[in-house]
Amino acid sequence: MSDAAWLALCRINGLGPQRQQALLERFSHAAACFQTGAGLLQDLGLSAKQIQALQKDPEDLIRPADRRWLNSPDTDLCRWTDPDYPPLLRQIPDPPPLLFIRGQRSCLSQPMLAIVGSRSATAVGAATAEAFARSLGETGLIITSGLALGIDAAAHRGALVSGTVAVLGTGADLIYPRTHLQLAHQIIEHGLLVSEQAPETGPHSGLFPRRNRIISGLSLGVLIVEAAENSGSLITARLAMEQGREVFAVPGSIHSPLSRGPHRLIRDGAKLVESAGDVLSELGPLFGALCQARPVTSADHWQPDDPHQAKVWAAMDFDPLTAEEIAARCGLTLGELSAILLEMEISGYLTASPGGRFCRLPPAP
């Protein structure tokens, strides 16, 4: 009955987090919100239809998908009244009273850092996000993101072993985009899927900006890697600032449209970061000792051992260059360079970009 009542609250149209919180404060627990008498609800700003719904038995409001969720051994609920409800999330203006979760519940009680960015990430941006996620995850942080294409997916992949939380804009029983179905199953094994949306809630444009407040609300800070000037990632960054969280941004090429978002954030006061150590140093004494957990490799000193590859590496940059430009810089023919570029791409030192260009891949931060 109690869990059915939690889901029934989610099924009442227009009854958002703030009104749900008002009900819980009035009646202490979800089940007591129902069949209480309309007179006790008049001053809570509820509509007539919402009051009418609260006069019903919760079992009459929940759907078959809700019953499947409650009866499945692989799904769970985290209620506002649970002791492991994330403490940072409690502090935001409109915390979700109920979280639908799949995976390792213990992630909820661990410190988190969000990494978000463009869905149309460059190869360098994705590699940077993955490297930051891996390095920061090794220090004990759980990496949160939104399971979107591009930077989000790269961040999740980088933190699969250490632990990652994906906050969904759909119900937690639906994976969107579908191309991330395998990634979602990997996250369930090592981390957690989280949603405030009831089961079988499909993707709607308005739900994704709302889920961003949960991504930032769970986290000590938010790191932005590549973002257009009016992207959803900047919404997450703005929410983080409003919630009193740290905001970090990785700078990029002044010629790339995906650098405009991070550069704007830096101008507005976000911390410019070039390494995992830069992030950890801003997060306070909690991570002071963790800064020495893994030595940080400087990109200036990271290069191939092979002397021919090292020569090509020195001629390149993190901005894409054509093969002709690279050959001219290092004094090689295109035939000689072609084999070296292939070997370096296989070894993970560089990546091919659209238009027959190549650029360095960054080391783990």
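Ala, Val, Leu, Ile, Met, Phe, Trp, Tyr, Cys and Pro count here as nonpolar, Asp, Glu, Lys and Arg as charged, and the others, Gly among them, as polar. This is a predicted model, in which local features need pLDDT of at least 70 and side-chain atom pairs count only at pLDDT 80 or more, while totals for chains, interfaces and linings use all residues. Residues are numbered from 1 along each chain as its sequence is written, and side-chain values use heavy atoms, with hydrogens and water left out.

View 1. The average pLDDT (the predictor's confidence in each residue, from 0 to 100) is 88, and 92% of the residues score at least 70. Residues 288-299 fall below 50, and this stretch has 16 contacts (heavy atoms within 4.5 Å) beyond near neighbours in sequence. An automatic or database domain assignment gives domain 1 (1-62), domain 2 (102-293) and domain 3 (307-360). The centres of domain 1 and domain 2, taken over C-alpha atoms, are 33 Å apart.

**View 2. Let us visit the second largest pocket.** A pocket is an open set of points on a 1 Å grid over the protein atoms alone, where a 1.4 Å probe fits, with protein on both sides within 12 Å along at least five of seven lines; lining residues have an atom within 4 Å of a point. Domain 1 and domain 2 both contribute to the lining of the second largest pocket, so the pocket lies between them. Its space is about 380 Å³, a volume filled by probe spheres set on the points, which are joined across faces, edges and corners. Among its 20 lining residues, Cys10, Leu15, Gln20, Glu196 and Gln197 lie nearest the centre. The lining comprises 10 nonpolar, 6 polar and 4 charged residues.

View 3. Strands (E, at least two residues) and helices (H or I, at least four) are DSSP runs, numbered from the N terminus. Two strands pair if DSSP finds at least two bridges between them. The open sheet of 9 strands runs E1-E2-E6-E5-E4-E3-E7-E8-E9, with mixed pairing. Strand E1 (76-79) and strand E9 (271-272) each have a single partner strand, so one side of each is left without a neighbour in the sheet. E1 pairs with E2 (residues 98-103) in the antiparallel sense over 4 bridges.

**View 4. Two loops deserve a look.** The peptide bond from Tyr176 to Pro177 is cis, and Pro177 sits in the loop between strand E5 (164-167) and helix H8 (181-190). Leu147 has a positive phi of about 60 degrees.
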